[in-house]
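Colleague: I am new to reading protein models, and I would like a close look at one part. Could you take me through the aromatic rings and then the pockets?

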Amino acid sequence: MTRLAGVDLAVVYDSRGEATVEATVLLSTGAQGRAAAPSGRSAGSHEVRAFPEGGAEVAVRIFRDRLRPKLLGLDASLATVDQALVDADGRPDLANVGGNTATAISVATAIALAEEAHRPLWRQLARPGVDGTVFPTIVGNCLNGGRHAIGGPDIQEYLAIARDPRPERSIRAALRVHALVGAALHRRAPHAALGRGDEGGWVAAIGNVDAFEVLRAACEQAREELEIDVRPGVDFAANELLKDGRYRYREQSLDAAGQVRFVAELVDRFGLSFVEDPLAEEAFDDFADLTKAVGGKALVVGDDVYATDARRVRHGLERRSTNAVLIKVNQAGTLSRTLETVDLCRSNGLATVTSHRSGEVPDAWLAHVALATGAWGLKCGVLGGERVAKLNELLRLGRATFGA
Ligand code: 2PG
Ligand code: MG
C-alpha cells in the first residue's frame, strides 16, 4: 500500500503579494506533488477560513506541530488524506488548521497520486463520464471594479464569455476582448491613466452601466473578427454591495426586487450570457426570482451563496435558486469536498464553473480541475502570469486532444 512518506508546508506569496501556503507531498513510492492555495478578497461568510488566527506563518507552525504527525504514514488515497485533514481540524470551517493548508495538501496529494499513476491530474480526478475532450468556456476578466480595483466601477467583474470547442480559439477571443476593452477605455479618456486590477482586468473611472456598453461593443467586434461565440458577462459580487438591506451603487440604491429588475434589464440590454452573484449570499429566493426571469437566456451563477458547500447547493436546488454553481477548491477546503459538490451539481443538471481567486498563485492545477469535472466554464482571468499559467495549461491539454 502506498503511504504518505513526507509532507511539508511553507509560506509563499500570492499575486497580491500576500502570504499563503504551499504544500509538498512525498509518497512512499517516490512520487511527489506540490501545490499552493490562493486567497479571495470578496470572500463569502460560508466558505472555510483560509488561515487560522495569525495568518499563513501561524498556519505553518500549527501544521508542523500538530497536523503533520497525524498525516505521516497514512494510506495515500485522496479520501483518506482529506478526511484526516478535516478530522484533525475538528471544525467544519477548518479554522484551526486553515482551509488553505488543507487545500494545498489535498491538491499536492492528488498531484503526487497522478504522478505515481503516470497520468495527468485531470484523469486522476475525472468524474464518471468525463473523457477530457470537452473543454470549458473561458470566463475572462476584462474590467475590474469593487474590491478588486481602486477607482473603478462598483461592480466587481466585467467578463468575456468565450465559447468554442477548441481552447485555443476561446482563449484567443477572451484575450481579444480584453485588448479591445483597453483600447476603448483609452479612446474615451486619452489623457487618463489606465490601470489593471487584482485579476488583470482594466481599471478605469467609468460608470457601472457605461462599462457594460464598452464590454458589449468589444465582444461584438471580437465575435465578428474571429467568428467565435463571445458574449458579455458579469460578477456583481453583490454581497459587497449590500448595506443595510439595500444594494448600493454610486448612482442608485435598490431593494432586492429592484436589484432583480435591474439585473434582468442589463441581461436584455447588453445580451449578458453569464451573471454571477447578482444577489447577496442569503438571498436564495431572490436568486430564484431572477433565474425564473432570465435563466432561459443566461447562466445565473451562485458563488458566495453556495461557497462550494454541498449542503448549501442542496438548499438552492430545492428553491431553484440558480442554474449554475461556481466551484472554488479553497472555499470547500479539500478536493474531496469540492468533488462532492461537483457531483451533486452534475447529477442535478446544474452547470459548474471552476474558478480562481483574486489573490492567485502561479500554479496550473485549476485547469485540470475544470477538465476533470466536465465544467461548463473555467473562470481564471486572462492576463497576469498567475492567470495565464492556467490558460496555457488548458492550451497544452487542448493540444493533447486536438493536436498541434
Ligand atoms: C469571485 C472571486 C474571483 P475573490 O468573487 O468570484 O473572481 O473573487 O477571490 O476575491 O472572492
Ligand atoms: Mg464571485
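Modeller: Happy to! Let us begin with what a ring pair is: rings of Phe, Tyr and Trp (for Trp, its six-membered ring) pair if their centres lie within 6.5 Å. Please keep in mind that this is a predicted model. Searching the whole structure with that rule turns up six aromatic pairs.

One of them joins F135 and F402, with 5.8 Å centre to centre and 45 degrees between the planes, a tilted arrangement. How do the two rings compare with the cut-offs for burial? Buried means under 20% relative accessible area, and partly exposed lies between that and 50%. F135 is buried because its relative accessible area is 8%. F402 has a relative accessible area of 29%, so F402 is partly exposed.

Now turn to F212 and F270, another aromatic pair. Here the centres are 5.6 Å apart and the planes make an angle of 20 degrees. Planes under 30 degrees apart count as stacked, so that is the word for this pair. F212 lies in helix α6 (residues 208-226) and F270 in helix α7 (residues 256-270), so parts of the chain 58 residues apart in sequence are tied together. F212 counts as buried because its relative accessibility is 0%, and F270 is buried too, at 3%. Ring pairs also bring in Y158, which forms a cluster with F212 and F270.

The largest pocket holds about 290 Å³ of space. It is lined by 18 residues, and P92, D309, R311, A332 and R337 are the closest to its centre. The elements giving two or more residues to this lining are α9 (310-319), α10 (329-332) and α11 (335-347). Sorted by class, the lining has eight charged, five polar and five nonpolar residues.

Of the 17 residues that line it, V134, F135, P136, G374 and A375 lie nearest its centre. That F135 is the ring that pairs with F402.

Conventions
Residues numbered from 1 in each chain as written. Chains lettered and ligands numbered in written order. Predicted model: local features only at pLDDT ≥ 70, side-chain atom pairs only at ≥ 80, totals over all residues. Heavy atoms only, no water. Phe/Tyr/Trp six-rings, centres within 6.5 Å; stacked < 30°, edge-to-face > 60°. Buried < 20%, exposed > 50% of the residue type's maximum accessible area, 1.4 Å probe, protein only. Helix = DSSP H or I, 4+ residues; strand = E, 2+ residues; numbered from the N terminus. 1 Å grid on protein atoms, 1.4 Å probe; cavity = no way out; pocket = protein on both sides within 12 Å on 5 of 7 lines; lining within 4 Å. Points joined across faces, edges and corners; volume = space filled by probe spheres on them. Nonpolar A, V, L, I, M, F, W, Y, C, P; charged D, E, K, R; others polar.
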